[in-house]
Amino acid sequence: MRGKMPGLKASTRRTYADALDHHVLPELGRYYVDAIRPADIREWFAAKAEVYAPATVNGFLRVLKTMMADASEELDIPDPTRRIKAARQVGGPSTRRNMLTADEMGSFLEVLRDEDSQWYAMVFTQFATATRFGEVSALRWEDIDEQAGVIRIVRSHWRTIVDTTKTNEVRVVALTSELRDVLRWWRRKLLRAQDRQLHSGWIFPARTGKPHHAPSCMRPAFERALEVINVDRRFSSHGLRRTANDLLRRVATGEVTRSITGHATASMTDRYSHVETAEKATAVTKMLKLVHDSGDQDGGGGAA
């Protein structure tokens with residue numbers, strides 16, 4: 001753990017520590033590492049699978065596999081987890097899960113703007129930049145370059161522990177005219193209120209003067225807005241990113257979409273291609289137009 005810590009994100013360090021402290025060591029910690037056999041791992045894994053969901057118990061197994069693979073290499077011992085397979089996860093996520101349609105997204109933003117203005121700017125920014133919660137809530141005013149028309153995503157945070165982005169790379173997203181106006185409006189609102197956290201430099205500071213702790217802070221506002229627009233399904237901060245990704249892919253190439261969202265790709269061509277800011281701005285503008293225009297269209301269809 002000490003050897004791995006410097007290269008791990010705060011959230012990953014916590015995941016590793018929790019899995020080891022609460023799920024691995026209580027059962028397997030009594031063994032010397034070279035005495036652990038595949039049968040011990042299978043017994044441990046089967047016991048966990050009776051209590052936890054497949055996705056959860058597979059997470060425990062991934063941590064154990066990582067640690068045992070390192071031990072195998074460093075100590076020149078067999079890896080007892082090598083042939084242990086993950087628990088089967090039946091079915092896949094619904095394409096509509098944690099996602100809004102274009103017209104729903106337009107209505108959702110309108111409700112937030114009118115009824116929960118304190119969250120509107122942050123939600124709109126996350127949606128228009130397709131960023132993760134940790135990235136949008138860690139934005140600082142100096143990350144905005146109006147002259148260049150960009151926002152630089154240079155950091156993220158996990159439970160207010162500020163770190164690099166998930167991919168450890170700086171990402172540049174377009175500051176469209178609509179997003180610029182929303183952020184200017186938000187700054188004027190903070191200035192008029194003489195918000196005591198203005199000096200913190202965070203664009204969306206919590207009352208503590210730090211980034212908001214977790215996406216759950218927006219849950220009440222989301223639930224109220226969803227009730228108003230009659231959407232009876234789960235939608236969260238991560239759903240903003242999923243919705244943006246889904247709408248972007250309709251109006252832009254995969255290369256441009258990945259450049260905006262920061263998704264990794266196995267293709268070396270995509271990895272080393274360069275997407276101009278103007279291309280990103282065009283894609284985001286088209287995505288926002290989908291949202292705004294959808295409210296003006298007649299959703300009904302004629303009889304065949």
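User: Let's start with one residue. Is R62 buried or exposed?

Analyst: R62 is exposed, with a relative accessible area of 52%. The cut-off for exposed is over 50%, so R62 falls in that class because of its 52%. Keep in mind that this is a predicted model.

User: Where does R62 lie?

Analyst: In helix α3, which covers residues 54-75. A86 is 24 residues away along the chain, and the two C-alpha atoms are 8.5 Å apart in space.

User: Step back. How many helices and strands are in the protein?

Analyst: The protein has 12 helices and five strands. Of its 304 residues, 43% count as buried. The accessible surface is about 17400 Å². Carbon and sulfur atoms hold 48% of that surface.

User: What share of the contacts joins residues at least 24 apart?

Analyst: Take contacts between residues at least 6 apart in sequence. Of these, 60% join residues at least 24 apart.

User: Now the sheet. How do strands of a sheet pair?

Analyst: Strands pair through backbone hydrogen bonds, either parallel or antiparallel. Here, look at the open sheet of three strands, in the order β1-β2-β5, with antiparallel pairing. Its edge strands are β1 (144-145) and β5 (171-174), each pairing on one side only.

User: How many bridges hold β1 to β2?

Analyst: Two bridges, in the antiparallel sense, with β2 spanning residues 150-153.

User: What should I expect of side chains along a strand?

Analyst: In a regular strand they alternate between the two faces of the sheet.

User: Which residues other than glycine have a positive phi?

Analyst: Two to check are T160 and N230. T160 has a phi of about 75°. The residue is found in the loop between β3 (156-158) and β4 (161-163). T160 counts as partly exposed, at 25% relative accessibility.

User: Where is N230, and what is its phi?

Analyst: N230 sits in the loop between α8 (219-228) and α9 (237-251). Its phi is positive, about 60°, just after α8. N230 is exposed, with a relative accessible area of 70%.

User: Stay with α8. Which of its residues are buried?

Analyst: A221, F222, A225 and L226 are the buried residues of α8. Seen down the helix axis, they fall within an arc of 130°, so they line one face of the helix. On the other side of α8, R219 and E227 are exposed.

User: What do the buried residues of α8 pack against?

Analyst: Three helices: α4 (102-115), α5 (117-129) and α9.

User: Take a residue in α9, then. Is L247 buried or exposed?

Analyst: L247, found in helix α9, counts as buried at 0% relative accessibility. The cut-off for buried is under 20%.

User: Which residues does L247 touch?

Analyst: Set aside residues up to four places away in sequence. L247 then touches A102, F127, M287, L290 and V291. Take L290 as an example of reading sequence against space. L247 and L290 are 43 residues apart in sequence, yet 7.9 Å apart in space, C-alpha to C-alpha.

User: One last residue. Where is H157, and is it buried or exposed?

Analyst: H157 is in strand β3. The residue is buried, with a relative accessible area of 7%.

User: What lies 3.1 Å from a polar atom of the H157 side chain?

Analyst: The backbone oxygen of H212. For a polar contact the cut-off is within 3.5 Å.

User: Which other residues is H157 in contact with?

Analyst: Leave aside neighbours within four places in sequence. Besides H212, the list holds F133, G134, S137, A138, V162, D163, P211 and H213.

Definitions and conventions. Residues are numbered from 1 along each chain as its sequence is written. This is a predicted model: local features need pLDDT of at least 70, side-chain atom pairs count only at pLDDT 80 or more; totals for chains, interfaces and linings use all residues. Side-chain values use heavy atoms; hydrogens and water are left out. Helices (H or I, at least four residues) and strands (E, at least two) are DSSP runs, numbered from the N terminus. Buried means under 20% relative accessible area, exposed over 50%, partly exposed in between (1.4 Å probe, protein chains only). Contact means heavy atoms within 4.5 Å. Accessible areas come from the Shrake-Rupley method with a 1.4 Å probe; for residues, only the protein chains shown count as cover. Two strands pair if DSSP finds at least two bridges between them. A polar contact is a pair of N or O atoms within 3.5 Å; within protein, one must be able to donate a hydrogen and the other to accept it, and residues adjacent in sequence count only if both atoms are side-chain atoms. The arc is that of the directions from the helix axis to the C-beta atoms.
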